Amino acid sequence: MTKKSIILALSVVAFFTACRSTRNNYVIKEAIPKNSNIAVLVEGENDFKNAVFMEFMRGGYDVKAFNATDFYTTDDVLDVKSLKKTAFVTNLFDPKNPQRQVAVADKVFENIYKLHIFNFENLKIEMLQSLQKKIGIRYVVLLSLSKWDAGYTWARVIKLDTMQLVYVQNYSVGRKDDLKSVIATMIDTMQKGK
Amino acid sequence: MKRALGILTLLAVSNALFATGATAIGTFSRRFDSPVSKEIILRFPIFLSKAYTRAKKGRVMYPNEFSKLREEKQIASRVIYTPDEYSQISKLIDGGNLLTGEIFEYAEKEKDDEGNDIEPTAEIPEKKYVLVRLYHYSSTTGKISSFTVYSKPETVVIDLLRTVLPLEKDRYLSRPITSASKLAVIAPLKAVELNDFYISLLSQNFKVHPLSGLDFEASSSADLRLARHLMTQRVSYYSPLLVESVTPPALSAAGDNEANRADYNAFASIVANKDYNFEKQLKTILGQIRSRTGAEYLLLLNPDGKNSFARGFDLSTGGMVWYQDSFPAKSGADADVLASMISEMQRPLVILSEEQLNKIAEEKDRMSAQGASGGLASVAILDFYDRTNTPLYTWLASSLSIAIDDSMKKIFEYDRANEKKSFEAGSRIFRSPADVNEKTLKEFQTATGADYLIFGFYSVSAKTGNIVIESKIYDLVKKKEIGGSTTESPVDVRLFNVVDEISQGIVQDIFSMTQQQTK
């Protein structure tokens, strides 16, 4: 086995180890200091959201009133999926289709869909960046506590200056955990940066 | 132990991915005969063969060899084939690849009846670049990779090599995307799996600019299915298609046509915008993603068992720089496929070093400086032997040698050995085909001073009534046969096309021989 092959094999093993899915898995690239302007996006009813926002405010963050400015929840008013889905009927390139003939309208239709895949993501970035420009938000915190009963929660933090992911955590909920303790653990990790 | 076996299996699978069959060179179309198109048609196969041998990327099948196989199966000579024709070709090249191309150059100024230059309607720049579109069909994957190379005439052959070399079986990566790169990622994963994937990327020091995961929504593999095939001017990857129409049908003026002009114009405008303008729009969107996220690459990763695929875009140029449809993953699970994708994205390319490429470029320059013949010595062309047993075709004996001489001159500069001496020595030494042996070849070489001898036989096929031409090429210095072909043609205008093909094969064989000598 050549030196290159050994290095390749070792890096593949290291990658598989890093990639193994554990329910208590996290990486944080930098600390998210107290007093930072943050937007917390969390799924759930308004009383539940209030409880979450309070924990972040107690943690010293300036929680901007995004996703909390009205009585509706995200699920009520915005079904992103419905914006995203565009029905497609055929795929020109499907090798099972023996003819694979290209009619001009089919090709145009496929192209529109392909552009839509990329542009949909592009529009989401634009929307997040407007949070920074319009209300001065520096970090977007996405929290999912809806799988509480399934035993896990997760969080992601995106730094809007660079649009980089700086913190990701899949947190396995223990018997002694409650909402407060889970968020406290996450805030502690965010502030320590390790 | 189990893990060690796993690694070995993985490496074995990985090595299998590198392995490629022979790469056949097919038709390279050109707008007109020019020194550049000649150089590409003749020298690109030779230098590709050289580069592939050095990079251990399999054998290159020269155009004459492929053309012979193709003709035996009565498959037309084309740059792009239909799906059915590609299936037939797959059997011919047996797990290998077919490389074809189109050469586009600025036309020389046309002359009017009095010989004056006609001013071209389009503006021709001072520096005339050449554009070559390559089509690489892989019979194992059934997919076409297409690349466009826009280059100076003096560097185009080497640029074609640079473009084709990184291509592997089912993987194209123009350069490895290594850790510390800034990645924007689209991957259809559920939130927790997506987090695990992002954690693994961050652990490897990639900088992640998430696109999937900016919200709570998860896309599905089916959402991304259509993004597998992308056709752009620069790099494309797709299955062969039967192109039925590329423009909207004309608006019929028939009385029962319910479409009105405004609707038709709206449709035509959508076509123009989303079809002809597709690449520009994609580039604009990718440019916006770059300026908004600061990412360098956009990865579109679709782990979906056997239907998995990965695409990578360089956001600064808007071009596709990575595509791959199969991965040496330890299982079909999404996490394993994704791990394999990231590993493959970083795997070094199987190409030549810059130093090796420079050596090939120097060699090509030396050949170019010596003229199109590349320093080849003189070639003797004798009349062909008539084996038709009928006086009807005696005229072909000298006509064929003259036609081959004329045809070779079109694509290749060489010194024809003294015709009088060659004719005299040929008719004295080779009275019948059986007279060709090491001794007589030496005698002919001494008499004429030629380095190569071309001659052959022709007969009439009892089955078809066509003329069967068998050509032979001998290296008179080494005193051995170095190539030849057997071709069949009706005795009509098609014979001239056949002669052109024979000539191209002869030139290729001679080039091939000189390359072996200088290896």
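A crossing of two helices is left-handed if the near helix is turned anticlockwise from the far one by less than a right angle, and right-handed if clockwise. In chain B, α13(B) and α14(B) make a right-handed crossing. This is a predicted model, in which local features need pLDDT of at least 70, side-chain atom pairs count only at pLDDT 80 or more, and totals for chains, interfaces and linings use all residues. Residues are numbered from 1 along each chain as its sequence is written, with chains lettered from A and ligands numbered from 1 in the order in which they are written.

**The α13–α14 pair of chain B**

- Helices (H or I, at least four residues) and strands (E, at least two) are DSSP runs, numbered from the N terminus.
- Helix α13(B) covers residues 419-429 and α14(B) residues 438-448; they pack at about 155°, with axes 9 Å apart.
- The pair is therefore roughly antiparallel, a label for angles over 145 degrees.
- Axes are lines fitted to C-alpha atoms, for helices over the stretch in contact, and angles run from 0 to 180 degrees between N-to-C directions.
- From α13(B), K421(B), S422(B), A425(B), G426(B) and I429(B) meet T440(B), E443(B), F444(B), A447(B) and T448(B) of α14(B).
- Contact requires C-beta atoms, placed from the backbone, within 7 Å.

**The sheet in chain A**

- Six strands form an open sheet with mixed pairing, in the order β1-β7-β6-β5-β2-β3 (chain A).
- The edges are β1 (25-28) and β3 (62-63) of chain A; each has a single partner strand, so one side of each lacks a neighbour in the sheet.
- Strands pair if DSSP finds at least two bridges between them.
- Strands β6 (residues 152-159) and β7 (residues 164-172) of chain A run antiparallel, joined by eight bridges.
- Across this pair, K159(A) is opposite Q164(A) in β7(A).

**Helices on the sheet**

- Helix α6 (residues 179-192) of chain A lies across β1, β6 and β7 of chain A, at about 145° to β7(A).

**Chain B and its helix α10**

- Chain B has 15 helices and 18 strands.
- Of its 519 residues, 41% count as buried, meaning 20 or more other C-beta atoms lie within 10 Å of the residue's own.
- Eleven of the 13 residues of α10(B) are buried, so the helix is largely enclosed by the rest of the structure.
- Among the buried residues of α10(B) are D334(B), V337(B), M341(B) and E344(B).

Conventions. Two residues are in contact if their C-beta atoms, placed from the backbone, lie within 7 Å. A residue is buried if 20 or more other C-beta atoms lie within 10 Å of its own, exposed if 12 or fewer, and partly exposed in between; C-beta atoms are placed from the backbone. Angles under 35 degrees count as roughly parallel, over 145 as roughly antiparallel, 65 to 115 as roughly perpendicular and the rest as oblique.
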